[in-house]
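Dear colleague,

Please find below the structure for your review. My notes on what was found in it follow.

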Amino acid sequence: MSARKRGLHDLHRAATHVNLRMQETPMSAQVTALMRARLQNNALKQTPGTRDGLMINGGGYQGKTETACETAAEFEDFWRDLHHQLNPNAIPGTRDLFLPVAYCQTPVKATPKGLCEAILDFYGAPHAKTLRGLIRNVRDSLHAHCTTALLLDDITRLKMHREDDQDTLDLIRDLMSLNVTLVLIGVNIPAPGCCGKASRIRAPGRRCCRPSNAAEARTTRRPPRPSAAST
């Protein structure tokens with residue numbers, strides 16, 4: 001081939017190889033099946049209360065986000081077709097904004113205000129000046145757009161030795177009571193810094209890690225017996 005044809009041929013090959021379809025593995029198939037069932041079952045619930053969430057954990061560059069987003073996109077298509085592309089909670093005379101699935105990344109330095117602003121940026125909603133106003137805006141946006149699933153990526157950016165991060169995790173737990181299925185995605189989520197310090201930092205849907213052997217030994221060791229001289 002001429003230089004021009006070979007350049008076009010190489011460009012076509014490069015465009016093809018960088019846009020390959022995601023390879024399905026046995027683990028991704030299990031995650032997809034579990035996530036699809038959880039999203040659908042929680043969306044069909046009519047009773048108020050906390051919805052069971054999911055935590056997708058694994059190493060870096062293993063396809064966690066891609067698998068979760070692909071499954072959420074398939075669920076959104078199914079949910080839109082079920083409601084004929086219309087928001088079932090829309091108020092007559094107002095604009096119909098229907099977003100069954102919302103996705104955002106956890107801020108690098110997580111704070112309750114930062115997380116609320118990240119969620120509101122997905123909807124393009126205005127930001128209030130106070131934390132109470134931001135939480136109210138998040139609740140209104142989730143309800144107005146009929147959102148049934150909220151994906152929070154890079155959840156392991158939360159560092160539990162910081163008070164702001166603990167408050168952010170408390171806010172995430174409160175979001176579970178808004179009739180939304182919460183999906184947390186991260187690398188090494190069960191690490192001691194994320195959910196193994198105290199009961200207040202226990203992540204939703206997951207039990208905290210057990211303490212180390214040394215810590216257990218200190219808490220379960222019997223007190224020393226008094227010596228003969230002291231008696």
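Within helix α2, the buried residues are Ser28, Thr32, Met35, Leu39, Asn42 and Ala43. These residues lie on the same side of α2, because they cover an arc of only 120 degrees around the axis, the arc being that of the directions from the helix axis to the C-beta atoms. Here, buried means under 20% relative accessible area, exposed over 50%, and partly exposed in between (1.4 Å probe, protein chains only). Helices (H or I, at least four residues) and strands (E, at least two) are DSSP runs, numbered from the N terminus.

Please note that this is a predicted model, in which local features need pLDDT of at least 70 and side-chain atom pairs count only at pLDDT 80 or more, while totals for chains, interfaces and linings use all residues. Residues are numbered from 1 along each chain as its sequence is written, and side-chain values use heavy atoms, with hydrogens and water left out.

Helix α2 comprises residues 26-44, 19 residues in total, and reaches 27 Å from its first C-alpha to its last, close to the 27 Å expected at 1.5 Å a residue. The expected span of a helix is 1.5 Å times one less than its number of residues. The cover over the buried residues of α2 includes β1 (54-58), α3 (64-82), β3 (149-153) and β4 (181-187). On the face turned away from the buried side of α2 are the exposed residues Pro26 and Gln30.

Arg80 is buried, with a relative accessible area of 17%. Not counting residues up to four places away in sequence, Arg80 touches Gln85, Phe98, Leu99 and Pro100, where contact means heavy atoms within 4.5 Å. Leu82, in turn, is partly exposed at a relative accessible area of 43%. Together with Leu44 and Phe78, Leu82 makes a nonpolar surface patch of about 270 Å². Patches are made of residues with over 30% relative accessible area and no salt bridge, like charges being joined within 9 Å and nonpolar side chains (Val, Leu, Ile, Met, Phe, Trp, Tyr) within 5 Å. A salt bridge is a side-chain nitrogen of Lys or Arg within 4 Å of a carboxyl oxygen of Asp or Glu.

The buried residues of α5 are Gly133, Leu134, Val138, Ser141 and Leu142; their cover includes α4 (112-123) and α6 (163-175). Cys146, which follows α5, has a positive phi, near 55 degrees.

Val108 is located in the loop between β2 (101-105) and α4. Val108 is exposed, with a relative accessible area of 65%. Leaving aside neighbours within four places in sequence, Val108 is in contact with Arg157 and Arg162. The C-alpha atoms of Val108 and Leu158 are separated by 8.2 Å, although these residues are 50 apart along the chain.

**The chain as a whole**

The protein chain has 8 helices and 4 strands, in the order α-α-β-α-β-α-α-β-α-β-α-α along the sequence. Of its 231 residues, 35% are buried.

Conventions:
Accessible areas come from the Shrake-Rupley method with a 1.4 Å probe; for residues, only the protein chains shown count as cover.
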